[in-house]
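Let's take a walk through a protein model, one piece at a time. Have the structure open and turn it as you read.

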Amino acid sequence: MVKGLYTSYTGLVNQQKRLDIVSNNLANSTTTGYKKEGMTTQSFDSVYGIKVKDATVNYVNQNIGNLSLGAKIGETYRSWEQGAFQSTGSTYDFALSGKGFFSISFTNKAGETSTLYTRDGSFQMNSEGYLVTKDGDYVLGESGDPIQLPTDVGEFSVEPTGEIYAGDEYVDTFALVDFDDYDYIEAYGENLYRAVDGATLTESNATVNQGYLEASNINVVEEMVDMINIAREFESNQKIVNTIDDMLSKVVDISRL
């Protein structure tokens, strides 16, 4: 019966983690360029139950079969499927079609600057003409420097290959990058990603679409269905825990007689 409690407990923990991920997906369903997270579930490795100190078999330890120790979290993953494009008509909105990321010069609260990456192309121009994110971080050009637009030119255009023009004058090119293996990038926060040890940068073949934003790839209906299933499975594990608890209480009451 105690083993049953442990098995149910692992199920409760597993469903709680699934709920956290689904809730985060729903919360970011309207976040530009957000990519859906998911989680796999797997069983604990089976072990042998052993009969020990049993006089009926001359005190010889014997395997009596496999025991499953319940469920555990396998791994979390991210779906990099392309999100739908939304037309905004804004000069400073960009959506990437294909695999790749914009490069962003990010400065943390400690004043440390590093290069992070995003699919969110909702940019704007600051008072000095620099192209920045909505949080004020600089968008990088192919030279590795922040992209600066001439403030005396009213309009500028961007080619699908990322070249930026102010009127007929070439300004810069977006530093678009990709990765050999997406297992080596992780979410940093603020809709940004960072490369971890082992990441290999490659040239991106994505095209830039001016006047559009990439929506998240979240299907709200699917996430709601998953949330309902999680609630039902969580409730089932709760019932098992309560049932075993009642059984143990009765055993204790009988032992007192």
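Predicted model: local features only at pLDDT ≥ 70, side-chain atom pairs only at ≥ 80, totals over all residues.

Start with two helices: H1 passes H2 in a left-handed crossing. Residues are numbered from 1 along each chain as its sequence is written, and side-chain values use heavy atoms, with hydrogens and water left out.

How do we describe a pair like this? Two packed helices are described by the angle between their axes and the distance between the axes. For helix H1 (residues 2-27) and helix H2 (residues 220-255), the axes come within 9 Å and cross at roughly 160 degrees. That makes H1 roughly antiparallel to H2, a label for angles over 145 degrees. The axes are lines fitted to C-alpha atoms, for helices over the stretch in contact, and the angles run from 0 to 180 degrees between N-to-C directions. Sorted by class, the contact of H1 with H2 has 14 nonpolar, 9 polar and 4 charged residues. Nonpolar covers Ala, Val, Leu, Ile, Met, Phe, Trp, Tyr, Cys and Pro, charged covers Asp, Glu, Lys and Arg, and the others, Gly among them, are polar.

Now find the open sheet of 3 strands, in the order S12-S13-S14 with antiparallel pairing. Strand S12 (156-158) and strand S14 (169-173) are the edge strands, each pairing on one side only. Helices (H or I, at least four residues) and strands (E, at least two) are DSSP runs, numbered from the N terminus, and two strands pair if DSSP finds at least two bridges between them.

S12 and strand S13 (residues 163-166) pair over 3 bridges, with Phe156 opposite Ala166. They form a hairpin with 4 residues between them, and Gly162 in the turn has a positive phi of about 105 degrees. S13 and S14 pair over 4 bridges, and Ile164 stands opposite Asp172 in S14.

How values were computed:
Parallel < 35°, antiparallel > 145°, perpendicular 65-115°, else oblique. Left-handed = near helix turned anticlockwise from the far one by under 90°.
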